[in-house]
Amino acid sequence: MHMLNLGILAHVDAGKTSLTERLLHSAGVIDEIGRVDDGNTRTDTLALERRRGITIKSAVVSFPLDGVTVNLIDTPGHPDFIAEVERVLGVLDGVVLVISAVEGVQAQTRVLMRTLQRLRIPTLLFVNKIDRSGARHDEVLREIAARLTPAIVPMGTATGLGTRAARFTAGPGPAGALDVLTGHDDALLSAYVENAVTDELLHGSLVAQTRETLVHPVYFGSAATGAGVQELLSGIETLLPVADGDADGPVSATVFKVDRGPAGEKVAYARMFSGTLRTRDRVPFGSDGAEGRITGISVFGHGTDTREDSVTAGRIARLTGLGDIRIGDAIGEPRKAYEHFFAPPTLETVVVPGPGVNRGALHLALTQLAEQDPLIGLRRDERRQETSVSLYGEVQKEVIQATLAEEYGLDVTFRETTPLCVERPVGTGQAVEFNKKDPNPFLATVGLRVDPAPVGSGVAFRLEVELGSMPYAFFKAVEDTVRETLDQGLHGWQVTDCVVTMTHCGYSPRQSHAHQGFDKSMSSTGADFRGVTPLVLIEALRRAGTRVHEPMHRFRIEAPADTLGALLPVLAQLAAVPETTRNRDDVCVLDGTVPAARVHALGQRLPGLTRGEGELESSFAHYAPVVHGTIPERPRTDHNPLNRKEYLLNVTRRVGG
């Protein structure tokens, strides 16, 4: 049987989970349609999801569709959980992007569509809620063409908008979009010129162009009443490509979700791209080449997952036995490097344990949450006994708080959310510490030079010394320590966009006394190089100088034109800089940049400034130098190589201070 791994994506509250329920009901998998408001949907299984009425974790369900088995993945719509969407995108064969017929194209809709187009994932558009008051047809089509893509093929028309009797009538479909289809199909264009266009030719062109992501069919309907759902199911079956893969080829799979089972064991959700995986197979996984034995396999089918002895290419499975597996890991042969499609989190907060909360238990719980969401970056400060987490937004913070309370019994609060800044070198600096020369207590010579590099280039490590001049393990210790030390620069922020060059090296060869073993006091070890490198690197950074950069978001505001006078002063207060302003009918469109730390405040104030009609879209744009106010400092969590005496006391007992 053919397989299709299908994602359901949307802006929050567009009706994505309700559509999932309707699809399962139409396919005969469930007898009764769950309601988000009632908290009884098939995919929102977390108590928190049901109480809040939003999807937080992606979920997989399966249903048969004639000759195709569809693995349907319901994803979160709120931008704070974009990491969940990111991980799913790499395992999909096709997508249904849901748009509300009332609200139309929204901020997250645009972010998702841009990403789907960049990744060339075949996408059908489903305009939901045609039964709701305020539902629109022609206006939404115009919005889609203007704000998402002009390459759309309306597959019919909606009538009775805004009533329970709203219906979707198929046709004319591709016949009404000849100008769109002929733009990418020379054979169809020739047939049109010769007046020889047939329904078969039109349908074949639509199928081919949809699968090549050249066009996007548009359906209207209602998940609540079922209008248009059968037509959408037909489009899913005929227009989207089925999964491919060689069941006899080498094992290759990608993990897109990690959960924990009833006994606390890790459960990995993986898409098989090639080969066949069997219970008790030993397989390599992850970037470090670790191996594990598969102890259990469950595959999805007819609304549930069932235990199987094997899983073949094209399918999605739940795997147990891989204790150290992480999201994004490849199983077997890597298919391609795991990609980040969206910007990383740009905010951070400190988790504050409530009365009686054990800090060790809290750290363990946060570590398990980070396993399930690798973009929840944990930062542990042992001296202050504090843990920080990185975030996309305030809603994510509320969800972490509720999850810790409900699943782990841990009561926590948070400090004020702060932006995650970076440091970049502003010049060149170098330093060196020589073996057996004061004040260096380490048996190692290390010299380093720091140079600025182009924005976005990250960190590069290079050698100006002979690779064979000392054991390779010592070079590796220096490089690893350089990268680790750059996590905290002169102001405590991660240092990026630089080249670190090793200019000096030296070591004490292995020494031993007669009839005795290796003498550490006379021989260099990796610990010597790991110990001296932070002192050298920080001194080189100090001489180069660094500048703190804060994350900036690009914003787009659409608001009534007559509210612009009230809006501009508030934007100035929030350090937002409008760059372009244009009017469209009676709507004003503002584009510009705003510090990431002010996006939440802008979103909160916008409704009051625009009579509730303003719409904000924002996404990470770049890092910009902090030019106003105090330079933000981040508390250090390392041994503080900025203070040599304190560092040496923390790192080694060879010196007394």
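Here are some numbered notes on aromatic rings and strands in this predicted model.

1. Some ground rules to begin. Residues are numbered from 1 along each chain as its sequence is written, and side-chain values use heavy atoms, with hydrogens and water left out. As the model is predicted, local features need pLDDT of at least 70 and side-chain atom pairs count only at pLDDT 80 or more, while totals for chains, interfaces and linings use all residues.

2. Let's start with the rings. A search of the whole structure turns up six aromatic pairs. Rings of Phe, Tyr and Trp (its six-membered ring) pair if their centres lie within 6.5 Å; planes under 30 degrees apart count as stacked, over 60 as edge-to-face and the rest as tilted.

3. Take Phe168 and Tyr219: their ring centres are 6.2 Å apart and their planes stand at 55 degrees, so this pair is tilted. Phe168 belongs to strand E8 (residues 167-170) and Tyr219 to strand E9 (residues 216-220), so the pair ties together parts 51 residues apart in sequence. Helices (H or I, at least four residues) and strands (E, at least two) are DSSP runs, numbered from the N terminus. Both Phe168 and Tyr219 are buried, where buried means under 20% relative accessible area, exposed over 50% and partly exposed in between (1.4 Å probe, protein chains only).

4. Now look at Phe474 and Phe529. Their centres lie 4.6 Å apart with planes at 20 degrees, so the pair is stacked. Phe474 sits in helix H12 (residues 472-485) and Phe529 in helix H13 (residues 526-544), so parts 55 residues apart in sequence are tied together. Phe474 counts as buried at 9% relative accessibility, and Phe529 counts as buried at 0%.

5. Ring pairs also link Phe256, Tyr269 and Phe300 into a cluster. The charged end of Lys437 sits over the ring of Phe434, 5.2 Å from its centre. A charge sits over a ring if NZ of Lys or CZ of Arg is within 6 Å of the ring centre and within 35 degrees of the ring normal.

6. Finally, the strands. Seven of them form an open sheet with mixed pairing, in the order E2-E3-E1-E4-E5-E9-E6. Strands E2 (59-65) and E6 (152-154) are the edges, each pairing on one side only; two strands pair if DSSP finds at least two bridges between them. Strands E1 (residues 2-10) and E4 (residues 94-100) run parallel and are joined by five bridges, and Ala10 stands opposite Val98 in E4.
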